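Thanks for making time this morning; I would like to walk you through one model, beginning with a sheet and ending with the domains. Please keep the structure open while I talk.

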Amino acid sequence: MTSDSTSPVRIAVIGGGVTGLTAAYRLTRAGIPVRVFEAASTIGGPVQTEQTTDGWLIESGPNSLLLNDAGVTGLFDELGLSPRLQVAGGSAKKRFLVRGGRVLALPTSPVSFVATPLFSAAAKARIVREVLRGRGNARTADVSVATLVAEHLGQEWVDTALQPFVSGIYAGDPTRLSARHAFPQLWEAERRSGSLIRGMLALAKARRQRGEPRARMVSLPEGLHGIPAALAAALPAPTIAVGTRVDAVMRTRGGGWDVCWARGAETGSETFSAVLLALPAAALARLAIGEPEQRPLAALQQIEYPPVTSVFLGYRRDQVRHPLDGFGVLVPEVEKRRILGVLFSSSLFPGRAPEGYVGLTVMLGGTLHPERGLFSAAEAIAVAREEVGLLLGVTGEPSIVRHRSWPRAIPQYNLGYEAFMQSVEAVENAQPGLLIGGHVRDGIALSACLSAGLALAKRALAQPNRA
Ligand SMILES: Cc1cc2nc3c(=O)[nH]c(=O)nc-3n(C[C@H](O)[C@H](O)[C@H](O)COP(=O)(O)OP(=O)(O)OC[C@H]3O[C@@H](n4cnc5c(N)ncnc54)[C@H](O)[C@@H]3O)c2cc1C
């Protein structure tokens, strides 16, 4: 098939994670034939769930999705997922932090804030001062999120609250993560109000006034893999080519694109009118774009992706002393423990453990301790078991254990990330019909990636030479 202006429109989506699948779904709904190329043997990227026959449901990548976007809510409505969404219950709002070796609940009301031993009196007073802070000159140069928060609230808030919170999202280092790119809402809050707290409250109010849905932490009874599975099921049967790696996307004389792929020893190419790249940074860096041997995104290889390991441990309820009445526990670096935190998986959503049992997901590794993200399965499981024993009073043998290592887990939007964003934009500008989106560019949260997929499809449909 050729791809000059008289050819029928056909779009290639490279990458079958949630971004690519969402884009493919939306284009298909618009009547555009699509082909998805996915290098791995399964779709969904890190969004993988295992369901055992004896009642365990285990996430090996993401455990929950923060649904805070009207577009994504609409997508779930279209896919028929909305009525089946599991919303994390009231107790999941309770979060725990380790302080001085003890697991303490984060305050949820002004009274509990005054009473909590988590923060010193001086740190609590900084909150009041921060709210009263004047507007000042709007910051223009990016700073690390640690610098931003330290300037507003002091170092204790960075060490005790920000650092573990950043670990929970990026498995990253707050002294290197860019305030502007990794935490755009905090950046915007300061620019709007001078105060981070007043600014965040104002942003939340503005969202409510725009009629945007209240943010909810959600999953599905079959786990998060139900999302890519639902997207794939809504595509006509031969749309997705799994186990098919794309190595090059070449311009054709007719203004289209040849997608050059490899499946085992087999290689081939297909012609499309446009190409959407929804790939991790290393894959974008390796991809020949436009001409053979041209790798205009090679610099993206430098984006840091620390390894993260997830260990799932299932126990009888009576083996765990802690009530597990919350979302989970985060572990500040200053506590010198060996894990990032523990999710109380069976408290978060129903159906994660058989009756009378509980499931815990322990995360290790990240930017500050990449070696722990690369532990052997035996080492990671041993460390996870020891830490939940000490922190949560877990005793005895687990009924089930699962281990999954993600050697390149989450891109770090560190200081200087602007340069990567600019090179992505430059490639798009130089290559009509080639669009790039996903976790490298649009945010790492699942909701951001789903939204990125919708935006990619919208931009593809708006291309002047589309039809
Ligand atoms: C351990 C872990 C825990 C997480 N926890 C959460 C969480 O609780 N909540 C949350 O919101 N987010 C979480 N995330 C982040 C979130 O899962 C990801 O940011 C998101 O899934 C990325 O989606 P994507 O489609 O942009 O990229 P990906 O899912 O990475 O999709 C890209 C796809 O491209 C494929 N590919 C690569 N190279 C090629 C090639 N040459 N040709 C064809 N295909 C190729 C890959 O196999 C992959 O399937 C977590 C991530 C990890 C790793």
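Before anything else, a convention on strands: two of them pair if DSSP finds at least two bridges between them, and the elements themselves are DSSP runs numbered from the N terminus, with helices being H or I of at least four residues and strands being E of at least two. This is a predicted model, in which local features need pLDDT of at least 70 and side-chain atom pairs count only at pLDDT 80 or more, while totals for chains, interfaces and linings use all residues. Residues are numbered from 1 along each chain as its sequence is written.

With that in place, Y315 has V358 in strand 19 as its bridge partner, and strand 16 (residues 308-316) runs antiparallel to strand 19 (residues 357-365) over nine bridges. Both belong to an open sheet of seven strands, ordered 8-7-17-18-19-16-20 with mixed pairing. Its edges are strand 8 (102-105) and strand 20 (400-406), each of which pairs on one side only. From one strand to the next the twist averages 25°, where axes are lines fitted to C-alpha atoms, for helices over the stretch in contact, and angles run from 0 to 180 degrees between N-to-C directions. Helix 6 (residues 155-170) packs on this sheet, touching strand 7 (95-99), strand 17 (328-330) and strand 18 (341-343), and its direction makes about 120° with that of strand 17; contact here requires C-beta atoms, placed from the backbone, within 7 Å.

Turning to the helices, how do helix 2 and helix 16 pack? Their axes are 9 Å apart and the angle is about 80°, so the two are roughly perpendicular, a label that covers 65 to 115 degrees. On the helix 2 side, G71, V72 and L75 meet S447, L450, S451 and L454 of helix 16.

Finally, the domain assignment, which is automatic or comes from a database, gives domain 1 (11-46 + 222-303 + 414-462), domain 2 (86-108 + 306-409) and domain 3 (119-134 + 143-209). The C-alpha centres of domain 1 and domain 3 lie 33 Å apart, and their contact takes four residues from domain 1 and six from domain 3.

Terms used: Angles under 35 degrees count as roughly parallel, over 145 as roughly antiparallel, 65 to 115 as roughly perpendicular and the rest as oblique. Two residues are in contact if their C-beta atoms, placed from the backbone, lie within 7 Å.
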